[in-house]
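Colleague: Could you put the model up on the screen and take me through the fold?
Modeller: Of course, here it is.

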Amino acid sequence: MKAPEDAAARRAVTPVICYPNDTLPRPPMALYRAARAGAKKIGEALAAPRAACSFEVPQGCFFRITSVEGPQVGDLNLWNRNDLGERFYSGKTRALHGTHLTAGERMWSSLPHLRPMATILEDTLGWYGIDAYGGAVHDVIGTRCDPYTGNLLSGAQYHHCCHSNLTRALADHLGVSLAEAEPHVHDVLNVFMCTGFTRDTGQYFMKASPVRVGDYLEFFAEIDLLGALSACPGGDCSSEHTSDAAACYPLLVEVFEPAEGALAGWEAPLPNGYDGSHGR
Ligand SMILES: [Zn+2]
């Protein structure tokens, strides 16, 4: 296709940020950090390599995901503990915060709720930034590795993709069948995963995660949460996923409860203020 004469001028138009986020409510990070300083551990769960764990975090508590034993990426799903219909909305979170999340940013819930579910309090990989390839850590651009895409691309029957791991973990947690649990599994926050898009072809890429043993990502639970975390079969995602080829390690989830009164003055997120009438 021949480019028009004004092609260069059209390409030179300056981009506009779709969702300027300076009017988003700001999380009270100082209050959260002060509450976290006096918090006590109340539970933990371990996602075994190529498997997932589930965990609950009461509203106002904290949870930390730590890479233990070796470099490992995790696929995180979050639901409102009291209403599985409200779940993490990866696409809108990406529109609001960009392709990768770090401290001070939030995981937003699905429509019609659209409110913060969790706020990232600490990110020990926050120093990474955006590398020379355009890669960054903790993305909301990937979906979750799944056996259907694997089958489409290679004809494989592989059962330990994050999608299947999350499905089993949710089914076990709720005491329901796999068929009942599967539709609740959704696009993830790719914890510790280093990803971007190639400049020349626009393709989604991954590279070896910079995560090391002891690195963690910590969250404040804005609402009662049910979480599931899969230790991706891709390991550190330096080569491939959807197979047993990569070295894999567990991921630890720890839950912490602040001291009584430590969140005095904190206001829980309200349901979204849109009236829901859709013009009728
Ligand atoms: Zn995965």
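Colleague: Before we start, what are the ground rules?
Modeller: This is a predicted model, in which local features need pLDDT of at least 70 and side-chain atom pairs count only at pLDDT 80 or more, while totals for chains, interfaces and linings use all residues. Residues are numbered from 1 along each chain as its sequence is written.

Colleague: How many helices and strands does the protein have?
Modeller: The secondary structure comes to six helices and 13 strands, where helices (H or I, at least four residues) and strands (E, at least two) are DSSP runs numbered from the N terminus.

Colleague: And what about its dimensions?
Modeller: The C-alpha trace spans about 65 × 45 × 45 Å along its principal axes.

Colleague: Which strands make up the open sheet, and in what order?
Modeller: The open sheet has six strands in the order S1-S13-S3-S11-S7-S6, with antiparallel pairing; two strands pair if DSSP finds at least two bridges between them. Its edge strands are S1 (40-47) and S6 (106-108), each of which pairs on one side only. The twist averages 25° from one strand to the next, with axes being lines fitted to C-alpha atoms, for helices over the stretch in contact, and angles running from 0 to 180 degrees between N-to-C directions.

Colleague: What does helix H2 touch?
Modeller: Helix H2 (residues 29-37) packs on the sheet and touches S3, S7, S11 and S13, its direction making about 70° with that of S7; contact here requires C-beta atoms, placed from the backbone, within 7 Å.

Colleague: Switching to S3, is it mostly covered or exposed?
Modeller: Strand S3 (residues 62-67) is mostly covered, with five of its six residues buried, meaning that 20 or more other C-beta atoms lie within 10 Å of a residue's own, all placed from the backbone.

Colleague: And which partners does Phe63 have there?
Modeller: Phe63 stands opposite Phe219 in S11, and its bridge partner in S13 is Val255.

Key: Buried ≥ 20, exposed ≤ 12 C-beta atoms within 10 Å, placed from the backbone. Contact = placed C-beta atoms within 7 Å.
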